[in-house]
Amino acid sequence: MALTRDQIAMRVAKEFKDGDYVNLGIGIPTLAANFVPEDISVMLQSENGLLGMGRYPYEDEIDADMINAGKETVTAITGASIFNSADSFAMIRGGHVDFTVLGAFEVDVEGNIASWMIPGKLIKGMGGAMDLVAGAKNIIVTMTHADKHGNSKLLQKCTLPLTGVNCITRIITDLAVMEVKDGAFYLTEHAPGVSIEEIKEKTAGKLIVPDNVTEMVL
C-alpha cells in the first residue's frame, strides 16, 4: 500500500544527521519538520529568512508572523535566528546547506529535476529552487511515484522545463527509495506492502533492482 504524505515525510526525516543544516521545500518536504528524531540536533533553514525552523504549531502556538517559504505557520526551535532573505540566499548560494529536500513534478535517470512549471498553468516563478539545486551539497527529491492519472514521474528524460541538471542523488516516493546513478534509478527500499512489480510498472525510466532491496522502515 502506498505511503501517506506524513509517512513519506517520516522516511525523509530518517535522512537527517546530527548537526545537519537542511532546507525543506514546499509541500511534502516541509512535513519532515514534524518528524525530526529526538536524539539528534538539526537546523532547518527556510529561504524566507529562518534558521532553526521547528514543527508545525498547535492551535495555541500559532503566530501569523512566523511562516516558512510556503507561507505556512511554523514554530522556531531554541537558538533559532531570523534574518532577511538576502542573507538566507547567501547561505544557500555559499554552500552552507548540507542538503535540501525538494518536491518535483518529474525526475529522470540523469538526476535532472523539473519542479516549477507546467506549461499552460499560471505560475509565480521558480522561487528559490534554482538556488537550492545549485548550492546544496546533497539533494533529495520526495514526491508521489505517479501523478493523479497514474503516469510515472520517474522518467528516462524529463519533459517539463528543468529546475536543475544532474543534481538529484536520491528519491523517496510513496512506493520506494531510489538512488540516481549511472543513468538509472537503483531501487534500495520498497514501502511496506508494495511489490517490486508495482514499482517496476510505475517507473518509466531505466530501473535497476539489486538483490538486496529491503522494506522501508518508518
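## Getting to know the protein and Ser 152

Figure 1. Please keep in mind that the model shown here is predicted. Of the 218 residues, 48% count as buried.

**Figure 2. The overall build of the protein.** Here you can find five helices and 14 strands. The C-alpha trace spans about 45 × 35 × 30 Å along its principal axes. The radius of gyration is 17 Å, which agrees with the value near 17 Å for a compact globule of 218 residues. If we take the contacts between residues at least 6 apart in sequence, 61% of them join residues at least 24 apart.

**Figure 3. The charged side chains.** The protein carries 29 negative side chains and 18 positive ones. A distance of 6 Å separates the centres of these two sets.

Figure 4. Ser 152 counts as buried because its relative accessibility is 19%, and buried means under 20%.

**Figure 5. The surroundings of Ser 152.** The side chain of Ser 152 reaches the backbone nitrogen of Leu 154 at 3.1 Å. A polar atom of the Ser 152 side chain also lies 3.1 Å from the backbone nitrogen of Ala 204. Setting aside neighbours within four places in sequence, Ser 152 is in contact with His 145 and Ala 146, as well as with Lys 202, Thr 203 and Ala 204.

Key: Residues numbered from 1 in each chain as written. Predicted model: local features only at pLDDT ≥ 70, side-chain atom pairs only at ≥ 80, totals over all residues. Heavy atoms only, no water. Helix = DSSP H or I, 4+ residues; strand = E, 2+ residues; numbered from the N terminus. Rg over C-alpha atoms; globule rule 2.2 N^0.38 Å. Buried < 20%, exposed > 50% of the residue type's maximum accessible area, 1.4 Å probe, protein only. Contact = heavy atoms within 4.5 Å. Lys, Arg positive; Asp, Glu negative; His and termini not counted. Charge placed at Lys NZ, Arg CZ, Asp CG, Glu CD. Polar contact = N/O pair within 3.5 Å; in protein donor to acceptor, adjacent residues only side chain to side chain.
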